[in-house]
Every structure is written in structure tokens, then in C-alpha cells.
Amino acid sequence: MPTTIEQPITRALLISIRTPHVTTEEINESLAELERLVSTLGFTVFATQTQRQNSTKRLSVLGSGKLEELARMTGEINSLDSEDALANIDEHALNDFLSSSKAKSHANVVVFDCELSPMQLRNVEDILGVKVFDRTGIIIEIFSRHAHTRSARLQIELARLNYLTPRLRSDHSGNSERHSGRGKGETIFAIERRKIRDKQAELRRELKNVQNEMQEQRSSRAQELCVALVGYTNAGKSSLMRALTGAEVLIEDKLFATLDTTVRALSPATQPKILISDTVGFIKKLPHDLVPSFHSTLEEAKDATLLLYVVDAADQNFRAQLAVVEDVLQQLKLASTNRLLLLNKVDCLTPAEKQALTLEYPNALQICTRNAHDIAVVHQVIQDVLAEQMCTACFNIPYTANGIMGEIHSKMQVLEEQYHEGGIRVTVKASNVALERLYKMLQQSF
Ligand SMILES: Nc1nc2c(ncn2[C@@H]2O[C@H](COP(=O)(O)OP(=O)(O)OP(=O)(O)O)[C@@H](O)[C@H]2O)c(=O)[nH]1
Ligand SMILES: [Mg+2]
């Protein structure tokens, strides 16, 4: 596959195209995020360049002067073209000098902070002489490195193939015809494309099976109380997940550290049991190809009774990030689910900043995932919010009804238990779904 990123040191030249209606602030925020994305892949940032353009649709992407300037930075055009300056250096020394200077003082990858068409990518690659990525390519690369579960891997592989197929370069120049079984004249390039299409069909079939299995798992949890952690990438969702459940989830100062949803019970254990799920982080300008896979990794949040919005309050762009989260949750029709805003990383804020946030977000909790007291507060608030949504009911359970008391203790909060001749009279607090299920079980047991 042509887009495999090679080690060692990749020096990335980041380019932003400033179109009308985009503010300098937005450009800088987006570039700062791109910087974090490329460093998540292990690239170092060689330089950052911005150019004004009316749109990002121009076939050569940038103006010829700018492209020439960039080609010098990638070493495609030698900046020491003044032959006079080199006239007195012997050829051996000159070669050594050029190769070492090319190795160290040039960018070997160019990354655009926008989406480019396959044709645009090809054009700039030809001019700059190095691998060119757009923002989508970078995010897809991160996703494919970080996906671990079968479902996440299948989804990313599909998105990756969708992205790469139109970008495949016919390096065989389209002339190398092969008389293959599929008919005379089919080029190697066409064969590669066909193989990719077959692979995509196979992945879709496999994904369908995995999704059916996951749906079954989710329906078996339907009566449980679920809380989903949602939020922008790097906000601290996995850190909170670990603190609330003890789950050994991956925590990293990287974007998209988590791509697979993890579900664990809240700990110390509650009655009824409360499940917490850690989900994929959100990002601005999510590549179009990744939207379906991103949405399906958020399926878990659809069953949640409560959404915890985790926000990195120490990030000065957190308001814009919160807007992205809102937007995606609206698309997923989750905007009306009960929610609690958690302003995380307040250990990085001054008392005055915290005070200002209290005024701005009076209903939010300010927390630090490393602070045991804050975690205990979140633990309690989760129980309180869920308790508000539960109803109280009273049942007479005959001693002969097998398994019902077990069901009650695992799914409900028992407020009172009285033993009578005919059975146990229990007063419980539980979700409507759990209560309905219990009614049905009781009817069947008579
Ligand atoms: N200062 C500070 N850092 C925190 C806090 N909580 C988490 N972090 C750090 O923030 C970074 C990201 O944390 P994660 O828990 O991996 O974030 P995430 O939201 O799961 O990120 P993705 O999985 O990439 O979406 C890590 O370096 C954590 O150590 C906190 O309360 N204070
Ligand atoms: Mg995470």
C-alpha cells in the first residue's frame, strides 16, 4: 500500500490554506491540532506555512511561487543552485554535503490541513517530490494504528481502502498490460483496484457479522444502567474511566488513544450495577470516510441513560471542542439524553480561572481525574442522577419463584425486604426497563 509511513525521523512541513471567512484564530487552532495529530504519528514538525487562497479546490492547490518555496524546503529544488558558489568544492565533498544537508535540513513529508482530492495530492507530490498527506490521510493513519478490536479494525480498514483507492497511483504507468484470466488488456493497476473492491466487499460482510454479535451483546445489557463518557479527543475520558472503574484502559497524551469502546462496572460497586463506557474521542473536521465508523463506535452511547461530557478545561479551545461534541451528538440523535458536564484538568487552572468557569457553567462539575475526592463526587453524582430516573415499586415474591431475588439484587436497589408466610415483600427502586422485565418474570413464574 503506498501510504505506509516509514520510520525513522519524519520531518513534516505543515501547510494551511487560508480561505476567506476563516479567521486567523481558527487557522492557528486547527494548525495546533494538526501538529498534535502528526506528533501522535511520531512525526516532528519541520515548519509551518500558511497561504491565502480563494478556495482549497485549485488543482495545483497553491500558487507557483509558494510551491517553489516549498519545493526548496523538501529539497526538490536545490537552494544552493548558484553554481558559482560551489565551483571550488570538490565533487566528493559536494555530494557528501548535499546528502547530509538533504537528510537533515529538508522536510520529507508535507501535510495539508484540509482535504485534498486525489488529483490535487498527485499534483503537489509531483512538484514537491515527497509524500504528501492531507488531514484525512493523517487521521486515517492514526485510526488504523490505534484500532484494536475486530470491529474497530474492520471499520478502519474499510475507511482506509475507501480513502486510498482513488489515490492509488498507477505507478505501472497503465501500460503494463497483463493477459490475465479477467481478459486481455487488463492493466496491473486495474487488477489492483479490482482486488481492493473484492477486499472491501469481504470486509463489509465480516463487519455486518461482527455488528450483529455486538448488537446481541448490547441487548443483553438493555436493562442495565449505562453511563457513557463522551468528549473531544484527549479530554481525559479514559483517565476518568480508569478512576471510576479500575479498568486498565489506555491513557496517553495522544489524539485518538482510544478507538475501541470499553464497558466496565462502576467501582466501588453500586446496587443496581452501573456500567460505564469509554468511547472514541471527537475531532473537528472528521474525515468524511470515517464518519460511519466513528458513529458506530458510539453505538454504546445510544443505550446510555446518562452522558458524561468530559472537557479539557485547561485547553483554551475547549468551548469550540464542546460545540463539536454537541454537533455530533445531535447527528446521533443523542442531544436529549441526560447529561452532565465535567470540566476536567482543573488542576492546571488558577483559582480565578476556576471561579470564572463556575460562573460560566454553574451546573458543571470541576474535576481532576487524579484527585480521589473529585472521583468520589463524580461517583456519587452518577448515582444521584440515575436515582432520579428510577421509580419505586413493591412486589410480593413467592418463595417458590426461582432466580427472581437474584435478578432484583443485581438490577435494582432494594429499599426494604419483609419476610411473610407467603413470600418476601420487597420495595425496590429501579429503572422502568428493569421493573417491566421483573413484572414479566413474575407473571411467567406463576
Ligand atoms: N493535568 C491533568 N491531566 C489529565 C487529567 N486527566 C487526564 N489527563 C491527561 O490527559 C491526557 C489524555 O488523557 P486520556 O484519558 O487518554 O484522554 P481521552 O479523552 O481518553 O483521549 P482519547 O482516547 O485520545 O480520545 C493524558 O496525558 C492524561 O494523563 C487531569 O485531571 N489533569
Ligand atoms: Mg481514551
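My notes follow, one topic at a time.

**Ground rules.** I am working with a predicted model, where local features need pLDDT of at least 70, side-chain atom pairs count only at pLDDT 80 or more, and totals for chains, interfaces and linings use all residues. Residues are numbered from 1 along each chain as its sequence is written, while chains are lettered from A and ligands numbered from 1 in the order in which they are written. Helices (H or I, at least four residues) and strands (E, at least two) are DSSP runs, numbered from the N terminus.

I started at strand E1, residues 11-18. Six of its eight residues are buried. I call a residue buried if 20 or more other C-beta atoms lie within 10 Å of its own, exposed if 12 or fewer, and partly exposed in between, with C-beta atoms placed from the backbone. Strands pair if DSSP finds at least two bridges between them. E1 runs parallel to strand E2 (residues 44-52), with eight bridges. There I found Ser16 bridged to Thr50 in E2. E1 also runs parallel to strand E3 (residues 109-112), with four bridges. Leu14 has Val111 of E3 as its bridge partner.

Next I traced the path from E1 through helix H1 (residues 24-40) to E2, a right-handed β-α-β unit. Right-handed means that, with the strands pointing away from the viewer, the path from the first strand over the helix to the second runs clockwise.

**Helix H2.** Which residues of helix H2 are buried? I noted Leu70, Ala71, Met73 and Thr74. They lie on the same side of H2, because they cover an arc of only 155° around the axis. That arc is taken from the directions from the helix axis to the C-beta atoms. An α-helix has 3.6 residues a turn, so residues three or four places apart point the same way. The face turned away from the buried side carries exposed Ser64 and Gly65. The cover over the buried residues includes E1, E2, E3 and helix H5. Contact here means C-beta atoms, placed from the backbone, within 7 Å. Just after H2, Gly75 has a positive phi of about 85°.

**A second sheet region.** I then moved to strand E15 (residues 423-430), which runs antiparallel to strand E13 (residues 391-398) over eight bridges. Ile397 stands opposite Ile424 there. Strand E14 (residues 413-419) is also antiparallel to E15, with six bridges. E14 and E15 form a hairpin with three residues between them.

**Ligand 1.** How many residues are around ligand 1? I listed 23, with Gly236, Ser238, Asp253, Thr258 and Gly281 coming nearest. A residue counts as near if its C-beta atom, placed from the backbone, lies within 6 Å. Helix H9 (residues 237-245) gives the most to this shell, with three residues.

The peptide bond from Ser267 to Pro268 is cis, with omega near 0°. Gln271 and Pro272 are also joined by a cis bond. Pro268 sits in the loop between strands E8 and E9, and Pro272 lies in the loop between E8 and E9 too.

Is His21 buried or exposed? His21 is exposed, because it has 6 other C-beta atoms within 10 Å. His21 has a positive phi of about 75°, although it is not a glycine. Lys345 has a positive phi of about 65° and is not a glycine either. Lys345 is buried, because 22 other C-beta atoms lie within 10 Å.

Methods
Two residues are in contact if their C-beta atoms, placed from the backbone, lie within 7 Å.
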